[in-house]
Amino acid sequence: MSLLHRLFLLNNNAITTCGVLFLAVALTSSGAFNSYIPRLQSDLNIHIAQTSSSNYPGHNKHDYKSNNHSRKSATTLHGSWLSDTFQSLGLDISLEKMKLNLVQKQDESTKKKKAGTVLRTAIKSYNKETSLPSHPSYTTRKESRGVIVVTPEGVVGDYNHYRTVAMSSTPDRAVSILTSDIVEMLRTAGWTDVMEGDLGENIYVDGIDYTFFEVGRRYKFQTNINNGNAKEEEGVVVEITERIEPCGNLCKLPYINKESLAPKDRFEECKKFLLYLDEKEGLRGWYGKVIDGGTVKVGDQVSALEIAAA
């Protein structure tokens, strides 16, 4: 039984002050506030929604039908790690959000745009020591690359421990995407040191907001065809499979796990950060599976593909 599991067997209705302090020390020193909350095996299974090829006629042309306005996709079904964790601690996640009075301020102008621009592409290479969440040097941050190669198996050279070990490298999480408005909102909310790449995204997009992406819909990344250097049919096509849930490993970021804070305060900062990113779908980013692979580079445009009439 893991340290967290033993700790979570404390009273589900209330956690003592001593328990909070002990837990905070454990979280901030070991990075244990992460994806390893014990789950039923069924929660980790990948359930593929069976979709006949007729739903995507001529998908090479990126022309696909909706089925009664509900686009079928191969999605990963799982319980809410964050909700489970708070419940195990005897905390009501809805009440905790109300206490913090979380407010996300959006740039309304980005909602009207039909295309975004890739500002950053990134990977995190595998290291047998630091790629383990339990390692003191572990970080969610991915390092910038001018171009990345995206395949149905994932981004070449990128490693995600949870996806690889617990989810058998599911193709439904082949690539992660974040919009720039999230970073700006976090900075406005007080986390002024947050940087692009800290949340672990492979592709960082500007000019659109986080609601631009929708589960089940397909998006095309390509060189701006208006410059005459690219053919319209070229590009990487990604289908959004799920929103990314806030992961406790984020609490190892240095501006969350501040050495100047007492353990209890580190725990509160961690809790606030995760709740903020969980407030709305897409604030933590989006996972996607790759329909057509290729390269994505800084400066590429991303736009939603039209859905054929049923």
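Modeller: This is a predicted model, and in it strand β2 (residues 115-123) pairs with strand β7 (residues 203-206) in the antiparallel sense, over four bridges.

Colleague: Which strand pairs with β7 in the parallel sense, and over how many bridges?

Modeller: That is strand β6 (residues 175-179), joined to β7 by three bridges, with isoleucine 177 having isoleucine 203 of β7 as its bridge partner. From β6 the chain passes through helix α7 (residues 180-188) to reach β7, in a β-α-β crossover that is right-handed.

Colleague: Why is the link between β4 and β5 called a pairing?

Modeller: Strand β4 (residues 147-151) and β5 run antiparallel and are joined by two bridges; since the requirement is at least two, the pair qualifies. Threonine 151 stands opposite glycine 154 in β5, and the strands form an open, antiparallel sheet in the order β5-β4-β11, where β5 (154-155) and β11 (294-297) are the edge strands, each pairing on one side only.

Colleague: How do you know that aspartate 198 and arginine 141 form a salt bridge?

Modeller: Their side chains meet at 2.8 Å, N to O, and the cut-off is within 4 Å, so the contact qualifies. Aspartate 198 lies in the loop between α7 and β7 and arginine 141 in the loop between β2 and β3 (143-145), so the pair ties together parts that are 57 residues apart in sequence. Arg141 and Asp198 also belong to a network of salt bridges that includes Glu143.

Colleague: Why is aspartate 198 called buried, and why is arginine 141 called partly exposed?

Modeller: Aspartate 198 has 5% relative accessibility, and buried means under 20%, so the label applies. Arginine 141 has a relative accessible area of 22%, which lies between the 20% and 50% limits, so this residue is partly exposed.

Colleague: What makes the contact between aspartate 278 and arginine 243 a salt bridge?

Modeller: The closest N and O atoms are 2.9 Å apart, which is within 4 Å, so the pair qualifies. Aspartate 278 lies in helix α8 (residues 263-278) and arginine 243 in strand β9 (residues 236-243), so the bridge ties together parts 35 residues apart in sequence. Both aspartate 278 and arginine 243 are buried.

Definitions and conventions: Residues numbered from 1 in each chain as written. Predicted model: local features only at pLDDT ≥ 70, side-chain atom pairs only at ≥ 80, totals over all residues. Heavy atoms only, no water. Right-handed = clockwise from strand over helix to strand, strands pointing away. Buried < 20%, exposed > 50% of the residue type's maximum accessible area, 1.4 Å probe, protein only.
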